[in-house]
Amino acid sequence: MRPILMKGHERPLTFLKYNRDGDLLFSCAKDHNPTVWFADNGERLGTYRGHNGAVWCCDVSRDSMRLITGSADQTAKLWNVETGQQLFTFNFDSPARSVDLSVGDKLAVITTDPFMELTSAIHVKRIARDLSDQTGESVLVIKGPQGRINRAIWGPLNKTIISSGEDAVVRIWDSEARKLLKESDKEAGHKKTVTSLSKSADGSHFLTGSLDKSAKLWGTRTLTLIKTYVTERPVNAVTMSPLLDHVVIGGGQDASAVTTTDHRAGKFEAKFFDKILQEEIGGVKGHFGPINALAFNPDGKSFASGGEDGYVRLHHFDPDYFNIKI
């Protein structure tokens with residue numbers, strides 16, 4: 001499995017997202033320019049220019065026509081994927097940390113950071129099919145708990161919103177009644193900031209990664225803790241294979257401590273765990289800094305990692321990874 005090294009960002013990576021067909025890979029970084037790549041050979045297709053701050057997150061519509069990005073410049077933007085044209089800008093009073101499109105692409109959930117005296121918040125925006133009907137008004141605003149909300153995603157049938165962040169609690173909100181439905185148990189849950197949240201392909205369970213050096217698998221409807229994967233480094237990114245029972249965890253120590261560490265000792269590899277047995281089954285080395293972003297191709301045959309080193313590494317698995325003869 002020789003990785004394809006993709007250099008297109010000047011600053012650390014923050015987020016990676018494949019489109020539904022698995023032929024395009026979108027990357028976000030602290031250099032203001034979200035980038036799109038061909039997912040099979042790593043060729044750079046283009047960049048989306050217009051943000052004026054670090055871009056923290058992105059999502060792409062089911063038909064791969066629209067891209068939404070959330071940035072530290074206090075905006076979330078809608079883009080035409082093909083032309084790179086800016087379609088609409090949602091303005092906020094604090095940085096937009098996380099974006100996630102609903103099933104059907106008619107709604108977007110956007111989280112904003114605490115800023116000055118503002119608390120963190122979860123905003124739901126309507127995404128119009130016709131641009132002339134697009135407005136910046138929120139359908140729903142949930143004032144968040146203490147600290148930053150690092151990630152919020154839609155639950156099954158867009159009826160719930162799942163959020164997590166600095167206070168280490170995973171919450172499920174009712175997106176229609178605007179109320180809190182469930183909170184993760186303090187004992188069973190994470191002990192430190194939850195950095196990442198990733199849904200399974202069928203949406204029945206999701207994975208959280210935390211600075212407490214663990215990742216946890218939860219049931220989406222009941223918020224039951226199913227599995228815990230323990231590693232020896234803070235976790236910045238998590239993803240799971242849509243094909244096999246594999247969980248991938250990426251991380252490394254804080255950026256400020258990196259310069260004093262050899263990249264071999266820095267534990268900057270993507271670790272593979274058996275989803276069921278919770279055992280580590282392998283690792284993929286390569287980055288010269290912590291891994292900040294991970295994403296699996298929807299076909300399960302490749303995955304991408306983005307690091308503090310500014311590189312995106314694209315890994316296509318060998319046929320024997322699947323124990324099948326191709």
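Mentor: Let's start with the side chain of S132, which makes a polar contact with the side chain of D130 at 2.9 Å. A polar contact is a pair of N or O atoms within 3.5 Å; within protein, one must be able to donate a hydrogen and the other to accept it, and residues adjacent in sequence count only if both atoms are side-chain atoms. Keep in mind that this is a predicted model: local features need pLDDT of at least 70, side-chain atom pairs count only at pLDDT 80 or more, and totals for chains, interfaces and linings use all residues. Residues are numbered from 1 along each chain as its sequence is written, and side-chain values use heavy atoms, with hydrogens and water left out.

S132 sits in the loop between β12 (121–126) and β13 (138–143); strands are DSSP runs of E, at least two residues long, numbered from the N terminus. S132 counts as exposed because its relative accessible area is 61%. The cut-offs are under 20% for buried and over 50% for exposed, with partly exposed in between (1.4 Å probe, protein chains only). For a sense of distance, the C-alpha atoms of S132 and V36 are separated by 26 Å, and the two residues are 96 apart along the chain.

Now turn to another serine, S200, in the loop between β18 (194–199) and β19 (205–210). S200 is buried, because its relative accessible area is 7%. Its side chain makes a polar contact with the side chain of D202 (2.7 Å), and a polar atom of the S200 side chain lies 3.3 Å from the backbone nitrogen of S204. Setting aside neighbours within four places in sequence, S200 is in contact (heavy atoms within 4.5 Å) with H205, F206 and M240.

A search of the whole structure finds one cavity of 30 Å³ or more. On a 1 Å grid over the protein atoms alone, a cavity is a set of points where a 1.4 Å probe fits but cannot get out, and lining residues have an atom within 4 Å of a point. The volume is about 40 Å³ for the largest cavity, counted as the space filled by probe spheres set on the points, which are joined across faces, edges and corners. Its lining includes S163, S164 and G165, and strand β15 (residues 160–165) gives the most to that lining, with three residues.

Terms used
1 Å grid on protein atoms, 1.4 Å probe; cavity = no way out; pocket = protein on both sides within 12 Å on 5 of 7 lines; lining within 4 Å. Helix = DSSP H or I, 4+ residues; strand = E, 2+ residues; numbered from the N terminus.
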